[in-house]
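Please examine the structure shown below alongside its sequence. The paragraphs that follow lead through several of its parts in turn.

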Amino acid sequence: MTSTSPSQSAPANRGVAFEDALQVAAEAAAYSPSSHNCQPWGVGWAIGAVARHAAAKLLGESVGHTAAGSGHTAQDDGEYLVLALDRERQLTALPSHEAEMLISCGAYGEVLLRSLATQGWPADRVRFVDPAPAAHRPKDGNTDRIFGGRWPDAWMPLCVVSLRHSDTSGDLAELSETLHARHTNRGPYRPDRIDPAVLARLSTSRPGPSLLRAGPEYDRTVIVRHVVADAERAAVADLVSRHGGRDFSHRLAWRETHSFIRHDEADAEAHGDGFTLGQLFGPLSPPRRFGMRIALAPRTMRILRHGGYHRILARQLAAMVRRSPAAVALCFDDETPDAEAVVRGGAVLADYWLEATRAGLVLHPVSVILQHDDVRAELEQRLGLPGRAFFVSRLGRAVTTFPPSHRLAASRALRVV
Ligand SMILES: Cc1cc2nc3c(=O)[nH]c(=O)nc-3n(C[C@H](O)[C@H](O)[C@H](O)COP(=O)(O)O)c2cc1C
């Protein structure tokens, strides 16, 4: 954990057991999926007086008035975490990336809280932070500093969570095994249909310990829609074929995507983020890898685009979609979801992806058909989706395994505040 060592700051009667659990949970949550594997998340452990008072206040708890600086709150036996978006790590090339970042943070938050719950630290309250609440704005005008001076400048707080120790715990080993088995698989899938009972189970909302997916006072929902009929899969493939090239032909978006493509495994490991060509396209012979590296470079792509190379790549992706036995769309029931709904959507995605992994299924998101409003609207209309789609993916059983992508050190996302 960076910034301040918790053992230096945590009161003697609190924190050691939680610190251990938090470290374990952060290790687990680091394996969450994120767009381009950019890992745009952070989590602050509120230990300091300012941070604990702010967290308690946001959660509507009474704040104790003992010695200033003690960090005393109504929940002295409890802990507070603040989930954040790390703006230094976010994707920015497309307006739709804003939602993808919140979804990624929601997925991270879900895994983090789930891991803490399995270690006997379930969340008991969650409160989302209004992006610019005048009432909470400190005098220096920095809206993000309500959690004190140790709060990183680049972090935008998303929600505050309180956790209390409980004697009930869960199966941490099983969670960890599932997390490590979950990888984006961009290869071909077996054509045989997926058992409808498995899909039905995946569509059902599961009660969970994290409170991020749904809290007691949260009544909006995420709808899971599986796309299995030939005509519907053909409709998705048609959209990918017609519009999937936009990613490659959009200068800024492709430059940003390309900045996450790593030269080789060693480069990916050194960066701790992004992906290799092997993770994107499966195993490649050295000459093919060399050719792809040249073809995908933004400068070459600008030239090749005139010859329609981006359309060839889109058609290849469309063929993969067409041959997959299913796709899945996650939709908000609300046409204009706020930040809270989007973060919660990310938590639902994490839950879905883990459950699919347990069922022996793999996913390959196809976000390009959601990133432009006209294409997304056509997708929603052609599939008759209920509400606004925020995640679309191929779904099936893998033919080939894919190498896991690399991660930044888990401690990078943790701060004591
Ligand atoms: C919101 C979101 C959107 C994504 N969109 C795409 C996508 O369009 N294409 C793709 O190949 N992978 C996509 N991914 C998968 C990420 O690239 C992947 O999670 C990341 O590289 C980490 O790899 P892993 O899932 O194998 O751990 C998306 C992931 C998330 C969370």
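This is a predicted model: local features need pLDDT of at least 70, side-chain atom pairs count only at pLDDT 80 or more; totals for chains, interfaces and linings use all residues.

Is α4 mostly covered or mostly uncovered? Of the 22 residues in α4, 21 are buried, so the helix is mostly covered, a residue being counted as buried if 20 or more other C-beta atoms lie within 10 Å of its own. Just after α4 comes glycine 120, whose phi is positive, at about 90°.

The phi of histidine 36 is near 55°, a positive value in a residue other than glycine. Glutamine 39 has its place in the loop between α2 and β1 as well. Although glutamine 39 is not a glycine, its phi is positive, at about 50°.

Attention now turns to strand β3, which spans residues 123–128 and includes arginine 127. Arginine 127 counts as partly exposed because it has 18 C-beta neighbours inside 10 Å, whereas a buried residue needs 20 or more. Which residues does arginine 127 contact, once its neighbours within four places in sequence are left aside? They are Leu58, Leu59, Cys159 and Val160. Serine 162 is 35 residues away from arginine 127 in sequence, yet the two C-alpha atoms are 8.9 Å apart in space.

The last topic is a pair of helices. Two packed helices are described by the angle between their axes and the distance between the axes. Helix α7, residues 230–243, packs with helix α16, residues 373–383, at an angle of about 165°, and their axes are 10 Å apart. Because this angle is over 145 degrees, α7 is roughly antiparallel to α16. The crossing of the two helices, α7 and α16, is right-handed. On the α7 side, the contact is made by Glu232, Ala235, Leu239 and His243. On the α16 side, Val375, Glu378, Leu379, Arg382 and Leu383 take part. Sorted by class, the contact of α7 with α16 has five nonpolar, one polar and three charged residues.

Key. Residues are numbered from 1 along each chain as its sequence is written. Axes are lines fitted to C-alpha atoms, for helices over the stretch in contact, and angles run from 0 to 180 degrees between N-to-C directions. Helices (H or I, at least four residues) and strands (E, at least two) are DSSP runs, numbered from the N terminus. Angles under 35 degrees count as roughly parallel, over 145 as roughly antiparallel, 65 to 115 as roughly perpendicular and the rest as oblique. A crossing is left-handed if the near helix is turned anticlockwise from the far one by less than a right angle, and right-handed if clockwise. Two residues are in contact if their C-beta atoms, placed from the backbone, lie within 7 Å. Ala, Val, Leu, Ile, Met, Phe, Trp, Tyr, Cys and Pro count as nonpolar, Asp, Glu, Lys and Arg as charged, and the others, Gly among them, as polar. A residue is buried if 20 or more other C-beta atoms lie within 10 Å of its own, exposed if 12 or fewer, and partly exposed in between; C-beta atoms are placed from the backbone.
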